[in-house]
Amino acid sequence: MLPNKRAIVTGGTRGIGRAIVKELGAKSCCGVLFSDVAFIYNSCDECADELQKEVDNPATKIFGFKADATSYQQAEATVNEAIEKLGGVDILINNAGITRDNLLLRMTEKDFDDVINANLKSVFNYTKAVLKPMIKQKFGRIVNIASVVGLIGNSGQSNYVASKAGVIGFTKSMARELASRNITVNAVAPGFIQTDMTDKLNEDQKKKLAEMIPLGRLGKPEDVAKVVGFLCSPEANYVTGQVIAVDGGMTM
Ligand code: NAP
């Protein structure tokens, strides 16, 4: 039996991140591995407690860390603490993200900065923090959660789209920098997924969106988590620098 992989997931308490923590931690991921998981969250302590109870697989250890992913210092300290608890780190999932949507005419500088910091700077912070241990052990799997709008643009989301296009560029550069160290870096680009982030849409908007999606429905967090699990598994050992859309065919 192979030893458990050790994973860090940012934004792990809700939505897509929560499904990823469960995918990596609760089951044998992709029929092959279990992972011990450290998840990072920003504010919701109750969500963290519930998640820890939900992942009740005795074969895995789950740790929650409250930290602001936009802070370089907090990321460094949290990763060091997580590595101590997990005994190392093999997998990093950069998932934490926010939206502050508005047309550019009405967008404030703060809305722009907050989104870039939460969605893009956080990816730099956590990737930098795991780099040395991953390089030293000559193994790493990094998956960044981007968005299809980072590929095609979206009106009213210029801050969010810029951050996600940045994540895609960062992913490809890291894939090139780290390939020789046996560290793969990929991005998953979800379409519209049913989480708190998209709950802001009313039923009519959701219906119209579903009509634009060839598979005829919004995605579930688990739809994204399965692809993330695959990218962390040995089956994806030869995949790096890719952006995999999980969008029901919306952007084909
Ligand atoms: P969500 O339900 O709003 O959950 C966001 C998670 O990120 C929460 O766990 C939150 O923690 C955490 N978080 C936010 N800011 C943080 C910070 N500064 N530091 C640490 N943690 C922070 O979002 P989601 O819909 O699951 O989205 C997850 C990722 O997928 C995001 O990167 C998002 O851009 C991307 N995405 C989502 C969709 C979609 O349709 N839902 C589509 C494309 C891409 P707290 O609860 O503690 O604040």
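Ser-233 is buried, with a relative accessible area of 1%; buried here means under 20% relative accessible area, exposed over 50%, and partly exposed in between, using a 1.4 Å probe and protein chains only. Keep in mind that this is a predicted model, where local features need pLDDT of at least 70, side-chain atom pairs count only at pLDDT 80 or more, and totals for chains, interfaces and linings use all residues. Residues are numbered from 1 along each chain as its sequence is written, and side-chain values use heavy atoms, leaving out hydrogens and water.

So where does Ser-233 sit? It's in the loop between α8 (221-232) and β7 (243-246). Its side chain makes a polar contact of 3.0 Å with that of Glu-235 (a pair of N or O atoms within 3.5 Å; within protein, one must be able to donate a hydrogen and the other to accept it, and residues adjacent in sequence count only if both atoms are side-chain atoms).

Zooming out, the protein chain has eight helices and seven strands, taken as DSSP runs (helices H or I, at least four residues; strands E, at least two) and numbered from the N terminus. Among contacts (heavy atoms within 4.5 Å) between residues at least 6 apart in sequence, 77% join residues at least 24 apart.

Here are some whole-chain values:

| Property of the protein chain | Value |
|---|---|
| Box filled by C-alpha atoms, along the principal axes | roughly 50 × 40 × 35 Å |
| Buried share of the 252 residues | 50% |
| Accessible surface (Shrake-Rupley, 1.4 Å probe) | about 12,200 Å² |
| Share of that surface on carbon and sulfur atoms | 53% |
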